Amino acid sequence: MAVGSSKAKQSQLSNKRQGTAFASLAGSGFFDKLAARARAIDSLLCVGLDPHVGQLTDKSASGALAFCKRLIDATADVALAYKPNAAFFEAFGAEGMAALKDYIPAEIPIVLDAKRGDIGTTAQAYADAAFTELGAESITINAYMGTDTVAPFIKDPSRGVFVLCKTSNPSSKEVQSLRLAGSNLAVFEQVAALAQGWNTANNVGLVVGATDADALRRARAAAPGLWILAPGIGAQGGDLDAACAAGLDANGLGLLVPISRGISAAKDPAAAAREFRDNINKARTAAAAASADQVCEQAEGMAPYQKDFIDFALSQNVLRFGSFTLKSGRQSPYFFNAGLFSTGQALAKLGRFYAQAIVDAGDKLDFTVVFGPAYKGIPLGAAVAHTLYEGHGSDVEYTYNRKEKKDHGEGGLLVGADVKGKRVLIVDDVITAGTAIREAMDMLTAAGAVPAGVVIALDRMEKGGGSELSAVQQVEKEFGIPVVSVVCLTHIASYLTAGQDPALLQAITEYRDKYGVQA
Ligand SMILES: O=c1ccn([C@@H]2O[C@H](COP(=O)(O)O)[C@@H](O)[C@H]2O)c(=O)[nH]1
């Protein structure tokens with residue numbers, strides 16, 4: 001049974017919303033609309049539209065529609081989005097949703113909670129039904145059948161897709177939290193990482209229950225750039241403060257908090273929605289303050305050798321402050337050129353800084369061979385191996401590569417220790433696009449080595465290559481190995497704070513705000 005009007009009228013109505021909301025999205029997609037409204041009304045509250053039969057006085061399709069309309073009237077000023085759950089509408093006949101959708105003001109994004117998923121051809125029919133027939137702007141899907149079943153939903157960059165990752169129900173851990181073989185990662189983290197990869201058109205988000213803050217934190221780490229729909233606050237008892245601290249993105253956004261019964265069953269739904277909106281905002285403020293404190297602690301806790309390294313890099317002109325145009329076109333307030341270390345003393349010191357960073361990393365770096373990729377890595381690798389022996393009594397092997405293959409004498413690209421079957425640490429200066437590290441990985445794996453990690457001088461901690469991840473994070477994710485740096489941008493900012501240069505610190509802060517990644 002249809003809620004509201006005839007099919008012909010409904011399709012006119014759904015076009016009406018498309019003609020308003022979607023036209024205003026020209027050149028941008030669902031998540032742009034979501035972020036813009038979140039900023040405009042300062043709210044991350046998503047009001048769930050779940051007409052439970054038990055809550056309806058008129059237990060019919062029109063009763064369900066009237067119930068939702070009352071909720072919309074009461075909450076439209078504080079609702080970042082509405083989330084009708086398909087189940088409650090399908091219970092009265094599939095067409096009910098279109099009438100509801102038309103009632104929601106066009107500027108308010110809608111998440112159709114349908115959790116669809118099937119083999120590709122059927123998934124395409126589901127996508128057509130939701131996006132074309134119903135005109136939904138975004139949908140929740142079940143991606144546990146794999147990439148080919150997700151593809152039909154993410155074809156249209158203007159529609160948002162929330163991928164079920166770690167659901168809020170108690171039994172979700174039975175499958176979703178299982179560890180992958182030979183890895184510390186859980187199944188849901190693999191889904192989060194896949195979803196981050198599917199997000200090439202900024203149209204993919206995740207569903208992670210607010211009932212499991214640890215899972216939220218881990219999903220956020222695996223997918224730093226995705227919006228997360230986090231159900232479970234209110235009737236399911238999720239902890240709002242913990243969920244915000246764990247799930248917000250680096251900009252204090254990225255978390256959409258849906259609440260259904262907590263609002264609809266309240267005596268005064270308008271007041272309840274306002275209170276939830278305010279409590280979410282308080283939790284956002286607290287989370288931002290806590291993360292600022294954490295950064296300060298990290299910075300204040302900078303080891304003496306890290307401060308010495310920055311002093312030393314400045315003294316050698318390797319680290320400079322000013323205005324520099326990077327290869328990426330970014331205007332950076334600082335520049336680091338390790339090629340300017342050029343004396344025996346500098347090399348000896350560098351060896352000590354790198355070796356200290358390696359020792360500090362402890363069990364994280366487990367290797368028996370140091371590899372210095374040509375060219376800048378060659379002296380660095382040799383200096384590190386030398387210092388590990390002289391300064392720390394650890395006699396590791398070392399090797400490096402030549403860029404051209406020799407056709408006489410010792411063949412092959414690698415020179416030095418045989419790396420076959422051994423755990424190898426790559427030593428380099430900085431990772432910009434990650435190309436040198438990828439080449440090194442190819443060479444090492446072709447030679448039968450096991451890459452064990454990378455150590456570099458500076459981690460710039462900025463987004464790269466069209467990704468929300470830094471080059472360092474991309475290498476860590478792509479190869480599943482740790483990258484350790486002597487210092488990172490946080491240390492440089494901390495060094496500047498201590499040095500009291502407010503203008504420079506401000507420039508670095510602005511640069512980080514614009515291009516920085518989450519630590
Ligand atoms: O993991 C999930 C995924 C979806 N949901 C849906 O969200 C709402 C929650 O309702 P409340 O009344 O706020 O508890 C409901 O539509 C669920 O189907 C979820 O709870 N958990």
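A residue is buried if 20 or more other C-beta atoms lie within 10 Å of its own. By that criterion, 46% of the 519 residues of the protein chain count as buried in this predicted model, and in strand 11 the buried residues include Val-369 and Phe-371, which point one way, and Val-370 and Gly-372, which point the other way. The protein chain holds 20 helices and 16 strands. Among contacts with a separation of 6 or more, 73% are between residues 24 or more positions apart.

- An open sheet is formed by 8 strands in the order 2-1-8-7-6-5-4-3, and its pairing is parallel.
- Strand 2 (81-84) and strand 3 (111-116) are at the edges; each has a single partner strand, so one side of each lacks a neighbour in the sheet.
- Inside this order, strand 6 (residues 204-208) is joined to strand 7 (residues 228-229) by 2 bridges in the parallel sense.
- Across that pairing, Val-207 has Leu-229 of strand 7 opposite.
- Helix 7 (residues 147-154) lies across strand 4 (138-141), strand 5 (160-166) and strand 6, and runs at about 170 degrees to strand 4.

- Strand 14 (residues 423-427) and strand 15 (residues 450-459) run parallel and are joined by 5 bridges; here Val-424 stands opposite Pro-451 of strand 15.
- Strand 11 pairs with strand 12 in the parallel sense over 4 bridges, and Val-369 has Glu-397 as its bridge partner in strand 12.

**Nonpolar cores**

- The largest nonpolar core has 90 residues, and Leu-45, Val-163 and Leu-206 have the most contacts inside it.
- Helix 3 (residues 61-75) gives the most to this core, contributing 7 residues.
- Another core, of 61 residues, lies apart from it and includes Phe-353, Leu-380, Ala-457 and Val-475.
- Beyond its neighbours within four places in sequence, Leu-206 is in contact with Phe-162, Val-163, Cys-165, Ala-192, Ala-195, Ala-219, Ala-223, Leu-226 and Ile-228.

**Ligand surroundings**

- The ligand is surrounded by 18 residues, of which the closest are Thr-167, Ser-168, Pro-231, Ser-260 and Arg-261.
- Strand 8 (255-259) and helix 12 (261-264) are the elements that give two or more residues to this shell.
- By residue class, the shell around the ligand has 5 nonpolar, 10 polar and 3 charged members.

**Two buried positions**

- Ser-43 is placed in the loop between helix 2 (30-41) and strand 1 (45-49).
- Ser-43 counts as buried because it has 22 C-beta neighbours inside 10 Å.
- Apart from neighbours within four places in sequence, Ser-43 is in contact with Ala-38, Val-78, Leu-80 and Arg-277.
- Ser-43 and Leu-256 are 213 residues apart along the chain, while their C-alpha atoms are separated by 9.0 Å.
- Gly-247 lies in helix 11 (residues 240-247).
- Gly-247 counts as buried because it has 26 C-beta neighbours inside 10 Å.
- Leaving out neighbours within four places in sequence, the contacts of Gly-247 are Val-208, Leu-216, Arg-220, Ile-228, Ala-230 and Leu-255.
- A separation of 9.0 Å is found between the C-alpha atoms of Gly-247 and Ala-215, which are 32 residues apart along the chain.

Key
Residues numbered from 1 in each chain as written. Predicted model: local features only at pLDDT ≥ 70, side-chain atom pairs only at ≥ 80, totals over all residues. Near = placed C-beta within 6 Å. Nonpolar A, V, L, I, M, F, W, Y, C, P; charged D, E, K, R; others polar. Core = buried A, V, L, I, M, F, W, Y, C linked by C-beta atoms within 7 Å. Buried ≥ 20, exposed ≤ 12 C-beta atoms within 10 Å, placed from the backbone. Contact = placed C-beta atoms within 7 Å. Pairing = 2+ DSSP bridges. Axes fitted to C-alpha atoms, helices over the stretch in contact; angles between N-to-C directions.
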